[in-house]
Protein chains: 2
Amino acid sequence: MARIVQKYGGTSVGDVDRIKNVAARIKAVREAGNELVVVVSARAGVTNELIARAKAVCENPSEREMDQLLAIGEQETIALTAMALHGIGVEAMSYTGAQAGIFTDQVHTKAKIKMIHAHALEKDLRAGKVIIVAGFQGMGPDGQTTTLGRGGSDLTAIALAAAIKADKCEIYTDVDGVYTADPRVVKDARKLSEISYDEMLELASLGSKVMQSRSVEFAAKYNVVFEVRSSFNTNPGTIVKQEVAYMEKVVVRGVAVDKDQAKIVISNIVDKPGSAAKVFKGLANAHINVDMIVQNVGRQGIANLTFTVPQTESAKAIKALGPILKETGGDVTVDEKIAKLSVVGVGMRTHSGVAATLFQALADAGINLELISTSEIKISVVIQTDRADEAARLAHKAFDLDKL
Amino acid sequence: MARIVQKYGGTSVGDVDRIKNVAARIKAVREAGNELVVVVSARAGVTNELIARAKAVCENPSEREMDQLLAIGEQETIALTAMALHGIGVEAMSYTGAQAGIFTDQVHTKAKIKMIHAHALEKDLRAGKVIIVAGFQGMGPDGQTTTLGRGGSDLTAIALAAAIKADKCEIYTDVDGVYTADPRVVKDARKLSEISYDEMLELASLGSKVMQSRSVEFAAKYNVVFEVRSSFNTNPGTIVKQEVAYMEKVVVRGVAVDKDQAKIVISNIVDKPGSAAKVFKGLANAHINVDMIVQNVGRQGIANLTFTVPQTESAKAIKALGPILKETGGDVTVDEKIAKLSVVGVGMRTHSGVAATLFQALADAGINLELISTSEIKISVVIQTDRADEAARLAHKAFDLDKL
């Protein structure tokens, strides 16, 4: 007997039949004698429906009211999931975020969990009931409804697992787990049986869209071991946990490609102290996330400053740079046809030659590297988008990721 | 400047355009300098949609989960109404039942309001914000979501008006107010400018479907004066308030017809003490609402016992009577083709001859009275359904209700 938190995403509870399917899975786990808390998302599509209705009454809806509105998506699925369990003879009770005691700050649409008072929920849990909790939502300091932003339901599950000291936390999604590369691109990509928080974080932030970074960060902070697996089959998934020594034997854990970035080059900027600071302060003030940054100092105090931003923010970035470049000098060009390829692995800390292997593999295929950036457990390169899939396959092969 | 509570029903907020229409009405009242709390229902039809989804996952959904599910209907309209107000430059904040501090008992699907802690809401109200409150819902003792049952949004509005000591309470609906008779049946029916709680209660319980009895009872208990009016025009409605002396000048305030009753006759029952008690105790145990009761003692200790029940419960009533009649003797017949016609007015207390006038009007037209029952301010007769509309017109005329 174990205490288990499970989370089912919007696709898993997308319609009546899928809700019944989830209920049947829950029943099996409960009848094996486990205590069970289940976090569910809104059914896929409902959030967009609600946003469309909001836009129809008001061009620019307030975030407070948006949270009040969006929270009904999960409130529907918790009730329906509890009912589906009753229908097959399993005792279950639904809890909204507020009812589950999930207290957040008051930053609407992207609230942070401050604390969880799970005593009411735990009482029902100990009484043998399956607890169904609305993901993605909480209660702000004045009792208002808040939502946790993208990936919020995963965060709810991981935070609850920490709060009730669960033995296991299972994140059910529409993929089987975390792969060495995107299986749609690299056909011999393998599912990983386990991965460290750090590796998962690098992959999450690199466009391997299994989970949002902050859920993984939260899990790492509270040492919540969780498993990413599919709700449509019974295959074992990928276990995400604290790094352990044997993990370092594998140099590269996976290859990720992010095609949603844009490269911005400021050429001929005056290379004096403070120029770069002005540029990035201006971008930060405009709330633009800058990712990779490279500066080459050229001839006679003239430098080139290159960085990447999300494609969706490139226009905003150019606008923000306008007044700054009047001071610092420099010409801006934007390239949206780029991709970032990264190889990730905690083994890099103790192995050398990883960069050389990657660069050689790409060079042999004539793929040009436009930017390079490295961290302790990651090497990223920016290349042209049209070579990105090919590059992923080459890197996957170069590090023998197709072999067990 | 006044403090006003308004309530808009499901038809009034039935779609985006109607919500915008309601927002425009609210804006006008707010800009006239009034403080405003607005209670809204779920949009018409959404409750049935949700019930259908519940039935699709579970044949017999639990009442707790049904409340959790149904509460999202109003949560949607409060957010959309607040947004529509923002869209036209009016500051507004939405409150769920729980956020508005509406505490109930734990009787799911028909909870009673126990108390209202309106301090959070009042703070925003005094700050000049329009407060939008979800009708029909509250919070039970353990924080669970409860709903108040049929007509619950009216109850929310009246209870809030009492709690915040509102100067006015306006119940907006799809009818113009309370009429002397159903205008679809009696073409010269007049809208009443005012009516007493007691008269409204008799009309509410008699099938004049403007409001549920318990909202009127609550208003009477806390002396909340309210107005029933239409959200589709600006006509003055009907003010419902404590009876005052001049109201008694009008002998009959209105005529109501209820076609949803069935007449049950038990003939040849043994007339000894306890027979009737056995019959009605059996019906009560089966949770059947008995309305009119008449007993005629006939020859040699044999009596006929006649009563009416809601048509939907007549089959259940016959079933419940089975074992009892084995003891008491008697034969049962059911007539579902009956209607109850009632005339209501506080003036009856001080005027005589009302019954005679009614009976004569119906007798002149050859309409047979099958049952008669009277209270202090009401006379009801049971007649055949096919004469009911005609009878309503005759009664309306007999009491000069078409004249001011």
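A residue counts as buried if 20 or more other C-beta atoms lie within 10 Å of its own, and as exposed if 12 or fewer do. Keep that cut-off at hand for several stops below. The model is predicted.

**Stop 1: Q6(B)**

Select Q6(B). This residue sits in strand β1 (residues 3-8) of chain B. Is Q6(B) buried or exposed? Q6(B) has 27 C-beta neighbours inside 10 Å, so it counts as buried. Now show its contacts. Leaving out residues up to four places away in sequence, Q6(B) touches L36(B), V38(B), E170(B) and Y172(B). Next, draw a C-alpha to C-alpha distance from Q6(B) to L394(B). The two are 388 residues apart in sequence and 36 Å apart in space.

**Stop 2: a four-stranded sheet in chain B**

Stay in chain B. Select β13, β18, β20 and β19. These four strands form an open sheet in the order β13-β18-β20-β19, with antiparallel pairing. Which strands of chain B lie at the edges? They are β13 (254-258) and β19 (371-375), each of which pairs on one side only. Look along the sheet: the twist averages 20 degrees from one strand to the next.

Zoom in on the pair β18 (residues 338-344) and β20 (residues 378-384) of chain B. Seven bridges join these antiparallel strands. For a landmark, pick V343(B), which stands opposite I379(B) in β20(B).

Helix α11 (residues 388-398) of chain B lies across β13, β18 and β20 of chain B. Against β18(B), α11 runs at about 15 degrees.

**Stop 3: β9, β11 and β12 in chain A**

Switch to chain A. Select β11 (residues 226-230), then colour its partners. Five bridges join β11(A) to β9(A), and these two strands run parallel. Within this pair, T173(A) stands opposite S230(A) in β11(A). Three bridges join β11(A) to strand β12 (residues 238-241) of chain A, and here the strands run antiparallel. Find F226(A): it stands opposite V240(A) in β12(A).

**Stop 4: two positive phi angles**

Select K165(A), in the loop between α5 (152-163) and β9 (168-173) of chain A. Its phi is near 50 degrees, a positive value in a residue other than glycine. K165(A) is exposed, because it has 10 other C-beta atoms within 10 Å.

Go on to D400(A), in the segment after α11 (388-398) of chain A. Here too phi is positive, about 55 degrees, although D400(A) is not a glycine. With 12 C-beta neighbours inside 10 Å, D400(A) counts as exposed.

**Stop 5**

**Stop 6: the axis**

Superpose chain A on chain B. A rotation of 180 degrees with 0.1 Å of shift along its axis does it, at an RMSD of 0.3 Å. The two copies are therefore related as by a two-fold rotation axis. Which residue of chain A comes closest to the rotation axis? It is I72(A), at 2.8 Å by its C-alpha. The same surface serves both copies, as 100% of the contact residues of chain A recur in chain B.

**Last stop: confidence**

Colour by pLDDT. Chain A has a mean of 92, and 98% of its residues reach 70 or more. For the complex, the predictor gives an ipTM of 0.81 and a pTM of 0.84. Where pLDDT is low, predicted coordinates should not be read in detail.

Notes:
Residues numbered from 1 in each chain as written. Chains lettered and ligands numbered in written order. Predicted model: local features only at pLDDT ≥ 70, side-chain atom pairs only at ≥ 80, totals over all residues. Pairing = 2+ DSSP bridges. Least-squares fit on C-alpha atoms with pLDDT ≥ 70 in both. Contact = placed C-beta atoms within 7 Å. Axes fitted to C-alpha atoms, helices over the stretch in contact; angles between N-to-C directions. pLDDT = per-residue confidence, 0-100.
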